[in-house]
Amino acid sequence: QVQLVESGGGLVQVGGSLRLSCAASGSTPAIISMGWYRQAPGKQRELVATITSGGSTNYADPMKGRCTISSDNAKKIVYLQMNSLKPEDTAVYYCNFRTSSRYQSHYDYWGQGTQVPVSS
């Protein structure tokens with residue numbers, strides 16, 4: 001069974017930096033992409049960044065220019081380096097692994113979420 005375990009979250013001050021990690025355990029189908037999403041209190045989950053198995057990256061506007069996504073495909077780990085954090089970045093951050101599937105176009109695995117409160 002595949003499990004995604006996130007680490008690196010925690011309280012950070014405005015302007016600070018944080019590095020999140022997410023590692024997959026268990027045997028996974030072929031990974032299509034890995035990514036990070038976040039959900040702020042009272043809001044819907046939104047994309048932060050994704051990286052494909054080939055290394056192509058995509059960043060959503062809210063954190064573009066302030067974060068960098070990277071991965072170690074062999075170890076099945078994805079990272080999110082966040083800089084210049086703002087109060088509005090306060091959210092629960094979730095990692096996502098999108099894999100191939102025998103029965104549909106893809107399958108999404110999710111981590112349990114890690115809290116990132118940004119204090120002013």
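Trainee: How many residues does the largest nonpolar core have, and which have the most contacts inside it?
Mentor: The largest nonpolar core has 28 residues. Those with the most contacts inside it are Trp36, Val78, Leu80, Met82, Tyr93 and Phe97. A core here is a set of buried Ala, Val, Leu, Ile, Met, Phe, Trp, Tyr and Cys residues joined through side-chain atoms within 4.5 Å.

Trainee: Which elements give two or more residues to this core?
Mentor: β3, β4, β5 (46-52), β7 (67-72), β8 and β9 (91-99). Strands are DSSP runs of E, at least two residues, and helices are runs of H or I, at least four, numbered from the N terminus.

Trainee: Before we go on, what are the ground rules for this model?
Mentor: It is a predicted model, where local features need pLDDT of at least 70, side-chain atom pairs count only at pLDDT 80 or more, and totals for chains, interfaces and linings use all residues. Residues are numbered from 1 along each chain as its sequence is written, and side-chain values use heavy atoms, with hydrogens and water left out.

Trainee: OK, Met82. Buried or exposed?
Mentor: Met82 is buried, at a relative accessible area of 0%. Buried means under 20%, exposed over 50%, partly exposed in between (1.4 Å probe, protein chains only). Met82 sits in strand β8, residues 77-82.

Trainee: What is Met82 in contact with, beyond four places in sequence?
Mentor: Gly16, Ser17, Leu18, Leu20, Met63, Arg66, Cys67, Tyr93 and Val116. Contact means heavy atoms within 4.5 Å. Also, the C-alphas of Met82 and Arg19 are 6.1 Å apart, across 63 residues of sequence.

Trainee: Switching to rings. How many aromatic pairs does the structure hold?
Mentor: There are 2. Rings of Phe, Tyr and Trp (its six-membered ring) pair if their centres lie within 6.5 Å; planes under 30 degrees apart are stacked, over 60 edge-to-face, the rest tilted. Tyr37 and Trp110 have ring centres 5.1 Å apart and planes at 70 degrees, so that pair is edge-to-face. The pair links distant parts of the chain, with Tyr37 in β4 and Trp110 in β10, 73 residues apart. Tyr37 counts as buried at 19%, while Trp110 is partly exposed at 35%.

Trainee: What about the rings of Tyr107 and Tyr109?
Mentor: Edge-to-face, because their planes are at 65 degrees, with centres 4.8 Å apart. Tyr107 is partly exposed at 40%. Tyr109 is buried at 19%.

Trainee: Now charges. How many salt bridges are there in the whole structure?
Mentor: A search finds 5. The criterion is a side-chain nitrogen of Lys or Arg within 4 Å of a carboxyl oxygen of Asp or Glu. One of them joins Glu46 and Arg38, with the closest N and O atoms 2.6 Å apart. Arg38 is buried at 6%, whereas Glu46 is partly exposed at 30%.

Trainee: Where are Asp108 and Arg98?
Mentor: Their side chains meet in a salt bridge at 2.8 Å, N to O. Asp108 is in strand β10 and Arg98 in strand β9, 10 residues apart. Asp108 is partly exposed at 22%, and Arg98 is partly exposed at 28%.

Trainee: Which residues do shared partners join into one network?
Mentor: Arg38, Glu46, Arg66 and Asp89, through salt bridges.
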